[in-house]
Amino acid sequence: MDKSRRKSIRAVISTLENVVSEIDFIKDEEDCARDGIPENLQNSERYEHSEFCSDNMQEANDCIQEAISRLEEIT
C-alpha cells in the first residue's frame with residue numbers, strides 16, 4: 001500500500017474513533033436517563049427499550065473498534 005492510501009486509511013481510523021466517542025456519549029446519556037427511571041417502572045416497555053438501545057450501541061462500538069484494529073494493521 002502506498003503512502004497516499006495509508007494516509008487515507010489513517011483518516012478513516014480517525015473518523016471512526018470520533019464515531020466511537022459520539023456513540024459512547026449518547027450511550028452514557030441513555031444510561032443516565034434510564035438510571036433516573038423510578039424503580040416501579042423498571043419493568044416497563046420504555047425501560048426495556050432503553051436497555052436494548054444501550055446494548056446495541058455498545059455492540060456497535062465493539063464492531064467499530066474491531067474495524068479500527070483491522071485498519072491499524074494495514075498501516
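## Contacts of Ile9

Apart from residues up to four places away in sequence, Ile9 touches Met1, Leu71 and Thr75, contact being defined as heavy atoms within 4.5 Å. This is a predicted model, in which local features need pLDDT of at least 70 and side-chain atom pairs count only at pLDDT 80 or more, whereas totals for chains, interfaces and linings use all residues. Residues are numbered from 1 along each chain as its sequence is written, and side-chain values use heavy atoms, with hydrogens and water left out.

Ile9 belongs to helix H1; helices (H or I, at least four residues) and strands (E, at least two) are DSSP runs numbered from the N terminus. Ile9 counts as buried because its relative accessibility is 16%; buried means under 20% relative accessible area, exposed over 50%, and partly exposed in between, with a 1.4 Å probe and protein chains only. Between Ile9 and Thr75 lie 66 residues of sequence separation, yet their C-alpha atoms are 7.4 Å apart.

Leu16 is part of helix H1, which covers residues 3-35. With neighbours within four places in sequence set aside, Leu16 is in contact with Ile64, Ile68 and Leu71. The C-alpha atoms of Leu16 and Asn61 are separated by 9.5 Å, although the two residues are 45 apart along the chain.

Glu17 also lies in helix H1. Glu17 is classed as partly exposed because its relative accessible area is 38%. Not counting residues up to four places away in sequence, Glu17 touches Ile68 and Glu72.

## Salt bridges

Side chains of opposite charge can pair when their charged atoms come close. The structure contains four salt bridges, each being a side-chain nitrogen of Lys or Arg within 4 Å of a carboxyl oxygen of Asp or Glu. One of them joins the side chains of Arg5 and Asp2, at 3.5 Å from N to O. Arg5 is partly exposed, with a relative accessible area of 49%, and Asp2 is also partly exposed, at 32%.

Asp31 takes part in a salt bridge with Lys27, whose closest N and O atoms are 2.8 Å apart. These two residues lie four residues apart in helix H1, about one turn of the helix, and both are buried. Asp31 forms a further salt bridge with Arg34, with the closest N and O atoms 2.9 Å apart. Asp31 and Arg34 are separated by about one helical turn because they are three residues apart in helix H1; both are buried. Through salt bridges that share partners, Lys27, Asp31 and Arg34 are joined into one network.

## A negative surface patch

Glu45, Glu48, Glu51, Asp55, Glu59 and Asp62 gather on the surface in a patch of negative charge. Patches are made of residues with over 30% relative accessible area and no salt bridge, like charges being joined within 9 Å and nonpolar side chains (Val, Leu, Ile, Met, Phe, Trp, Tyr) within 5 Å. Asp and Glu count as negative and Lys and Arg as positive, while His and the chain ends are not counted. The place of a charge is taken as NZ of Lys, CZ of Arg, CG of Asp or CD of Glu. Accessible areas come from the Shrake-Rupley method with a 1.4 Å probe, and for residues only the protein chains shown count as cover.

Glu45, one of the patch residues, is found in helix H2, residues 45-74. Glu45 counts as exposed because its relative accessibility is 71%.
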